[in-house]
Amino acid sequence: MNVAFLLQRAAIANQLTSCLTEILFASALDRAAFLDAHLAQTGQTLGPLHGLPISVKDTFDIRGIDSSVGISALAFHSAQDNALVVDTLLAAGAVIHCKTNVPQSMLALDSVNNIFGRVLNPRNRRQWTAGGSSGGEAVLVAMRGSVMGAGTDVGGSIRIPAFVNGIVGIKPGKGRISAKGLITGQLPAAGKVGLEACVGPIARTIDDLGLFMEVIENGRMWEVDPEVKAEEGWWTRSPDPVLPLFTKLQAEKPLRIGILPSDGITTPLPPVTAALHRLTQQLHTHHKPTIKLIPINPTATGFSASQSLANKFFSAEGSAHLLSLISSTSEPLIPWLSPRLRQKPPATLDQFRALLARRDALQTRLLRTIWKDNDIDILICPVAPHPVPPIDGWNAVGYTSAFVLLDWPAGVVQVGEVRGEDVRVGMEMEGEVKGEWDGVNRKLWAKELREGYVGSPMAVQVVGPPGRERRCWEGMRILERVIGMGKVEGEKARL
């Protein structure tokens, strides 16, 4: 690959969208020259990512480079060492050419901060959000300024930006990929008193996601990070290969797909419901012998309890240190955080114990009511109850944060765009408002906003049971092929 050409693309992408934080082009060219020399001298590549420009979210430490994560107080404090993910990518031959922009503190779903500015969605820079908190990463990959990138996800921060920028991403389970060397602006281990962020890839193709995960497994992170819950073969040898591997569907055992239409708290707007309906109709009509669709009721199963419980984990630590850090330079909160981030008393030991007990009980219940009782292989649901919203307009996170709470792997697959017929006049929301989240969401269906959704990306989540990242990814590949948006059988990853 011509590294210099891709660096030019990254530079143009940044000029248009403010998607970068740290620009490492000089060291990237030196790295590329080293890799060329290695290949010339040995006749062998350094690894499967040899010479490929890979970007990382600003949270990943790179030796000698800042990890400010959008907080001015953290600027000009160079990292002493590389994050383990960075070392793993480098060992596979990658060229790390930049770090990408994030929201202030990475706790927002629109990527803007007071250091590097606002990340813009390249499909509609004036109106559509670029998502967060891996917004810069998703934009850069979407604009082909990076082959693929490393992000993090604690409430949807990989899946939401992938959705709104028309690409793909996957959130593995907790501890599958090392978080060693990640800066968050919080005290060390603060994430354990709440929901822990999961590291995962963002890419343009599902095959590229698989390549990233294979590189991670080969890095044997569990040998140097005791927090990594993985072992040899956890990705390359699926522990429960119930889905066909890289082959067409097999009629002998129909693929059982659960369809979760909502989180039971926030009613999806008509374009979301229409996209899911079109997808299920296509699956049912054209692939009836090989696929069986199982409707999942979010209230009857207990899934609707996920959002409120996840929110309690988000606030358990209290945010005192983070808010103190931000205010230490008199820095204002960004618009998305300003009405949402407040200092609260941290949960007491007994309160946190009670939260853990509730989470454990919910995880146990949903394993039965969703997976076992319905005997499903994968689960499909919306990414959000609304289409790509205006800048700073992202509302409910229950559709994505639930799978961090439950520790289920989840990925995003593109299924088309919002159509004009999805926003036609007269298509009104029916039924009573379920609560505050639902009420705010319905404001996104104001008549003056509807036409703005037309042409925006539409995606769904593919979810696997706990510990089944490979199954989740295989489900993403199958879904992509079935809906006619994938590559021909046998085609390699497009890098």
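Guide: Begin with helix α12, which spans residues 398–405 and is mostly covered, with 8 of its 8 residues buried. The model is a predicted one.

Visitor: Which residues of α12 are buried?

Guide: The buried residues in α12 are Gly 398, Tyr 399, Thr 400, Ser 401, Ala 402, Phe 403, Val 404 and Leu 405. After the helix comes Asp 407, with a positive phi near 65°.

Visitor: How many residues of helix α4 are buried?

Guide: Helix α4, residues 135–142, is also described as mostly covered, and 7 of its 8 residues are buried. These are Gly 135, Gly 136, Glu 137, Ala 138, Val 139, Leu 140 and Val 141. Arg 144 follows α4 and has a positive phi, near 60°.

Visitor: Now to helix pairs. How should I read the spacing of side chains along a helix that packs against another?

Guide: An α-helix has 3.6 residues a turn, so residues three or four places apart point the same way. For a case, take α1 and α2. Helix α1 covers residues 3–17, and its axis lies 10 Å from that of α2, at an angle of about 160°. That angle is over 145°, so α1 is roughly antiparallel to α2. The crossing of α1 past α2 is right-handed.

Visitor: Which residues of α1 and α2 meet?

Guide: From α1 they are Val 3, Ala 4, Leu 7, Ala 10 and Ala 11, and from α2 they are Phe 25, Ala 28, Leu 29 and Ala 32. By class, this contact has 9 nonpolar residues, no polar ones and no charged ones.

Visitor: Phe 25 is in that list. Is Phe 25 buried or exposed?

Guide: Phe 25 belongs to helix α2, which runs over residues 25–42. Its relative accessibility is 18%, so Phe 25 counts as buried. Setting aside neighbours within four places in sequence, Phe 25 contacts Leu 7, Ala 10, Ala 11, Leu 20 and His 97. As for separation, Phe 25 and Pro 409 are 384 residues apart in sequence, and their C-alpha atoms are 34 Å apart.

Visitor: At what angle do α9 and α11 cross?

Guide: Helix α9, residues 306–314, and helix α11, residues 349–372, have axes that come within 11 Å and cross at roughly 150°. Therefore α9 is roughly antiparallel to α11. Their crossing is left-handed. On the α9 side the contact is made by Ser 306, Leu 309, Lys 312 and Phe 313, and on the α11 side by Phe 352, Leu 355, Leu 356, Arg 358, Arg 359, Leu 362 and Leu 366. Sorted by class, the contact of α9 with α11 has 7 nonpolar, 1 polar and 3 charged residues.

Visitor: And how do α6 and α15 pack?

Guide: The angle between helix α6 (residues 206–218) and helix α15 (residues 469–482) is about 165°, and their axes are 10 Å apart. The two helices are therefore roughly antiparallel to each other. The crossing of α6 past α15 is left-handed. Ile 206, Asp 207, Leu 209 and Gly 210 of α6 make the contact with Trp 473, Met 476, Arg 477 and Glu 480 of α15. The classes here are 4 nonpolar, 1 polar and 3 charged residues.

Visitor: What about a residue in a loop? Where does Pro 268 lie?

Guide: Pro 268 is in the loop between β9 (255–259) and α7 (270–286). With a relative accessibility of 12%, Pro 268 counts as buried. Apart from neighbours within four places in sequence, the residues in contact with Pro 268 are Pro 261, Ser 262, Thr 273, Pro 385, Tyr 399 and Met 429. One of these, Met 429, is 161 residues from Pro 268 along the chain, with 9.2 Å between the C-alpha atoms. Another, Tyr 399, is among the buried residues of α12.

Visitor: Last, confidence. What is the mean pLDDT of the protein chain?

Guide: The mean pLDDT is 93, and 94% of the residues reach 70 or more. Some stretches need separate reading. Over residues 245–249 pLDDT stays under 50, and the model has 15 contacts beyond four places in sequence for them. Residues 485–495 also stay under 50, with 27 contacts beyond four places in sequence.

Conventions
Residues are numbered from 1 along each chain as its sequence is written. This is a predicted model: local features need pLDDT of at least 70, side-chain atom pairs count only at pLDDT 80 or more; totals for chains, interfaces and linings use all residues. Side-chain values use heavy atoms; hydrogens and water are left out. Axes are lines fitted to C-alpha atoms, for helices over the stretch in contact, and angles run from 0 to 180 degrees between N-to-C directions. Helices (H or I, at least four residues) and strands (E, at least two) are DSSP runs, numbered from the N terminus. Angles under 35 degrees count as roughly parallel, over 145 as roughly antiparallel, 65 to 115 as roughly perpendicular and the rest as oblique. A crossing is left-handed if the near helix is turned anticlockwise from the far one by less than a right angle, and right-handed if clockwise. Contact means heavy atoms within 4.5 Å. Ala, Val, Leu, Ile, Met, Phe, Trp, Tyr, Cys and Pro count as nonpolar, Asp, Glu, Lys and Arg as charged, and the others, Gly among them, as polar. Buried means under 20% relative accessible area, exposed over 50%, partly exposed in between (1.4 Å probe, protein chains only). pLDDT is the predictor's confidence in each residue, from 0 to 100.
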